[in-house]
Amino acid sequence: MRFTGLLLCAFLFVSNAFGQAAGESLSRLREMAEKVSGTPREMFVLGGLYKAERKAGNHRRADQVRERILEHPGENEAGKITVYFFDADYLAQNADFRAAREQWELGRAIVTELERTGRMAHYLARFRSRQEAALAAILRTEGNMEEAGKAMERALAASAEDIRYYREGPGLQRPRADQELGAAEGDRSNLLSEQVSLYLATGRIGAAELVVLDWIQSARAVGIVQQLTGALKRHGDVLMAAGRFAKALARFDEVLVRQQAGGLDETSVPGIMARRSRAQALMGLGRWNDAHEVFRNLEVATKGNPAARKVLRAGNDRALTRAMTGKLVEAERTIDGSLANNRSNYGTDHPNTVLSEGLRALVLARFGRDDLSLPLFRRYVDTWGYSLASADPALEESALAQLRHRLILEHYLAVLAQRVSKDGSAIGEAFRVADALRAGHVQQAVAASATRAKVTDQRLAALLREDQDLGHAIAALYRSLSEGGEDEKQTSAADITQRLGAMENRRKALQSELKQQFPEYAQLVRPTPPLPAEIARQLRAQEVLTLITSTAETSYVFTVTADGTTRLHVVPVGEPHLAALVQRIRAALDVGDTPLERLPPFDLAAAHEVFQRLLLPLEAQWGSARHLIASTGGALAQIPLAVLVESPAIHAAGSVPFAEYAQVAWLGRRLALSHIPSAAAFHALRRMPPSPQGRQPFIGFGDPDFGGRQRPTPGSLRSVRRNLDDSQAANLSLLDAFRALAPLPDTRDEILSLAQTLGVAAAGTSFLGPAATRAQALSSVVSGKIVVAFATHGLQPGELPGLDQPALAMTYVKGDAVSPLLTLTDVLGLKLDADWVVLSACNTAGADGEAAEALSGLGRGFFYAGARALLVTHWPVESESARKLVSATFARYAKEPTSFRAEALRAAQLELMQDKGTGFSYAHPLFWAPYSLIGDGGR
């Protein structure tokens with residue numbers, strides 16, 4: 001039975017063979033199968049050939065090879081196990097779940113018998129691993145993702161046992177131990193790749209990153225080049241899903257260098273996939289010419305090679321890069337081909353088909369053929385919704401999908417904006433599209449966290465579970481429809497289409513029931529932006545809402561007043577220019593450890609230009625208002641609008657530093673300002689029921705102990721740790737990185753000061769140092785409080801290894817296996833009745849803009865949990881001025897029943913402008929402007 005060990009390596013041969021030119025590898029396998037007939041290598045080669053024929057869609061040939069394996073004379077349990085479990089996986093991927101289960105049971109029966117008899121004991125761990133991996137594939141395609149994850153964990157545990165046996169156990173002394181160990185480690189790599197896919201399919205990007213970082217580390221230690229290259233590629237995939245395109249591009253470049261060093265042809269499967277991924281990373285970075293060049297070279301390289309062209313695919317993205325680089329005729333030809341393929345593979349109503357129609361609308365819009373584009377844009381929105389959270393799981397839920405969606409909506413908005421003057425209804429739809437663009441990345445994070453949050457209502461939990469399972473099962477059925485090969489598929493298209501129809505009808509009914517019975521949850525996960533008229537009904541006298549959405553070349557500024565008047569101003573100023581202006585503004589605000597005596601002057605000209613270009617043209621709508629409610633995104637979300645100036649004039653320097661800023665015409669002087677993540681969030685907040693009676697004034701958490709050796713030391717400004725780079729992330733666990741967080745000075749005093757201002761004793765209301773734990777925050781102590789305060793770091797996705805959602809850093813509890821992070825998922829499960837949630841010292845709107853998105857995600861979570869407003873910081877604050885500002889805000893709010901939240905903050909800011917620190921004035925916006933009110937700025 002010498003062939004047994006070789007047979008168990010068959011998957012490695014397939015991987016290596018497909019590492020060459022796709023067409024050549026299959027021909028070479030067929031040729032080898034004839035040469036080795038009757039030799040010990042026969043089963044090894046046949047196993048590889050069988051899998052290759054199946055993967056290529058050549059089912060008649062695959063069946064012939066399968067029979068040859070199963071009819072092999074003598075004991076051939078290993079060969080049968082390979083066939084049965086691979087068949088189970090393959091059939092599940094093609095949505096023939098009954099047949100997949102049958103094949104899996106045949107393989108499981110052999111494994112069970114071998115366990116009973118003790119035969120082939122040295123392979124039993126490997127057999128169990130493949131058994132559980134095949135089961136995970138079935139469960140995943142059936143839509144049971146939770147059980148699929150458990151099966152994958154069991155598969156990995158068995159794989160680890162297999163590796164230990166040949167690395168350090170009895171198997172080390174067996175003949176061909178190195179070969180067996182290579183097969184075992186190859187199995188583990190395949191399993192890890194599948195586990196990453198499973199996590200990505202369920203939105204658990206952070207968990208996927210932790211898996212792949214550990215995989216990279218172990219692959220480096222083992223020294224197997226192919227495994228390391230595969231792990232690096234998967235890390236790039238995870239980074240792409242998270243929207244970290246620059247780091248993803250660096251990973252793909254590293255993969256390509258390794259592939260080239262290994263002699264792989266550019267038309268090999270891994271070569272094509274790496275180059276395709278590289279092009280998509282370039283798309284994410286807006287490097288459209290470079291992305292187009294990569295795609296064009298791939299098209300040339302795969303021309304005349306159907307197998308390689310099938311791997312390339314990406315017709316939508318190739319069309320998009322052509323459109324964005326002005327090659328519109330080629331773009332239209334490419335998108336028409338992609339649209340025809342999707343209609344053939346998926347049908348006319350599947351979101352993949354509608355995505356192609358949306359991209360076709362984009363191409364038509366760039367041609368200037370607006371009348372032809374509008375029906376396609378409207379069908380796209382009707383099918384997909386304004387947010388990708390409404391899309392089917394068959395779609396790629398990733399930052400790349402968000403990019404495509406955003407570009408389609410941006411072009412739709414541009415077409416609508418041009419029609420406002422002649423079509424009165426266009427401004428309402430334009431407002432909705434602009435609001436959806438504002439909430440894109442935030443909504444993805446909120447929706448993913450909502451699916452993980454603990455749902456206490458059993459009926460809601462059951463509906464969600466069935467909806468999610470159906471979504472993944474539908475995705476599997478659509479994938480099977482898109483498969484092709486030399487022969488007909490085993491499962492008929494008619495049968496799949498019939499099953500799809502039944503599943504989709506049931507899912508529509510479920511989603512309708514969710515919307516009717518649980519409207520708050522439905523709006524959280526699948527929001528529909530409100531029309532301006534709906535916003536107007538929620539506005540009070542002397543309130544105006546302004547919504548600003550920017551694209552690469554244009555900004556769209558909407559105002560809605562309480563009488564229902566809606567105006568749109570289109571500004572030829574794009575996001576890059578706004579980002580440059582915001583960077584100039586922040587240069588004197590986010591100053592790190594710069595001593596106050598060397599503080600750079602505030603750029604009044606930049607602050608005035610933003611005001612002049614965006615707000616001044618619509619002053620007739622907001623100029624007489626008392627309260628301006630602003631929804632901004634991108635670069636603008638990194639600053640409070642209070643620091644904009646109506647005139648760049650400034651008085652001469654006074655007797656103390658910064659006194660000259662006391663008379664500047666700050667927008668914050670004229671108006672009380674509040675910010676909202678989106679118009680949809682504002683609409684939901686204003687529909688919240690009145691605050692309950694009998695609430696307690698305050699609960700606060702501060703000075704958390706992160707478990708590091710450093711302790712807080714007094715300083716001029718509170719600082720926050722920036723993102724870890726790749727080298728740090730690869731060598732630190734999430735916990736190690738967490739313990740390296742910089743401690744926060746003086747937050748203990750701030751929490752105690754807040755308690756004193758609100759008239760409560762610190763005992764039982766202020767959880768400081770070791771007491772500022774996640775568990776305490778999740779307990780019932782936060783319920784029924786008017787003010788809930790967290791004085792700690794706000795962390796954004798990717799800032800710590802494996803962190804895929806916004807979070808607050810709480811105290812590390814030694815020996816506690818539970819994370820010390822209060823995540824967005826946790827926040828969604830809180831039960832609050834809070835007028836305010838204070839996120840102090842968070843610096844949650846950092847200079848790269850990503851943290852502003854994290855803030856919006858946390859905001860949505862706290863709003864859903866029952867908070868009405870958040871008070872947050874945009875840059876590191878000076879401790880004494882921060883204490884004074886926050887105390888004054890809450891003192892005024894508590895003492896003046898007619899004062900609203902935004903006005904209380906404004907009054908405190910104006911008061912602080914006239915105050916003096918130790919030898920300097922607090923009139924500089926560094927001191928009075930770091931806090932913004934996010935949410936409902938009313939009472």
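Contact here means heavy atoms within 4.5 Å, a criterion that applies to every view below. The structure is a predicted model, in which local features need pLDDT of at least 70 and side-chain atom pairs count only at pLDDT 80 or more, whereas totals for chains, interfaces and linings use all residues. Residues are numbered from 1 along each chain as its sequence is written, and side-chain values use heavy atoms, with hydrogens and water left out.

View 1. Gln259 belongs to helix H13, which spans residues 245–261; helices (H or I, at least four residues) and strands (E, at least two) are DSSP runs, numbered from the N terminus. With a relative accessible area of 6%, Gln259 is buried, where buried means under 20% relative accessible area, exposed over 50% and partly exposed in between (1.4 Å probe, protein chains only). When its neighbours within four places in sequence are left aside, Gln259 is in contact with Thr229, Leu264, Pro270, Gly271, Ala274 and Arg275.

View 2. Leu298 lies in helix H15, residues 288–302, and counts as buried at 2% relative accessibility. Not counting residues up to four places away in sequence, Leu298 touches Ile272, Arg275, Arg276 and Leu312.

View 3. Leu581 is a residue of helix H28, residues 575–586, and is buried, with a relative accessible area of 2%. Residues up to four places away in sequence being excluded, Leu581 touches Ala606, Glu609 and Val610. The C-alpha atoms of Leu581 and Ala606 are separated by 5.5 Å, although the two residues are 25 residues apart along the chain.

**View 4. The largest nonpolar core and Trp622.** The largest nonpolar core has 82 residues, and those with the most contacts inside it are Ile585, Phe602, Trp622, Trp666, Leu667, Phe698 and Phe890; a nonpolar core is a set of buried Ala, Val, Leu, Ile, Met, Phe, Trp, Tyr and Cys residues joined through side-chain atoms within 4.5 Å. Helix H29, residues 604–615, gives the most to this core, with seven residues. Trp622 touches Val544, Phe611, Leu615, Leu628, Leu667, Arg670 and Leu671, residues up to four places away in sequence not being counted. Apart from this core lies another, of 75 residues, which includes Val381, Ala417, Leu545 and Leu547.

**View 5. Packing of helices H5 and H6.** Helix H5 (residues 59–70) packs against helix H6 (residues 77–93) at an angle of about 150 degrees, with their axes 9 Å apart; axes are lines fitted to C-alpha atoms, for helices over the stretch in contact, and angles run from 0 to 180 degrees between N-to-C directions. This makes H5 roughly antiparallel to H6, given that angles under 35 degrees count as roughly parallel, over 145 as roughly antiparallel, 65 to 115 as roughly perpendicular and the rest as oblique. The contact is made by His59, Arg66, Ile69 and Leu70 of H5 and by Gly79, Lys80, Val83, Tyr84, Asp87 and Tyr90 of H6.

**View 6. Packing of helices H17 and H19.** The axes of helix H17 (residues 315–324) and helix H19 (residues 351–367) come within 10 Å and cross at roughly 15 degrees, and the two helices are therefore roughly parallel to each other. From H17, Asn316, Leu320, Ala323 and Met324 take part in the contact, and from H19, Leu355, Ser356, Leu359, Leu362, Val363 and Arg366.

**View 7. Packing of helices H39 and H40.** Helix H39 (residues 879–895) and helix H40 (residues 901–913) have axes that come within 8 Å and cross at roughly 135 degrees, and H39 and H40 are therefore oblique to each other. The contact is made by Ser881, Lys884, Leu885, Ala888, Thr889, Arg892 and Tyr893 of H39, together with Arg901, Ala904, Leu905, Ala907, Ala908, Gln909, Glu911 and Leu912 of H40.

**Context for the views.** The protein chain has 41 helices and 14 strands, and 60% of its 939 residues count as buried. Among contacts in the chain between residues at least 6 apart in sequence, 72% join residues at least 24 apart.
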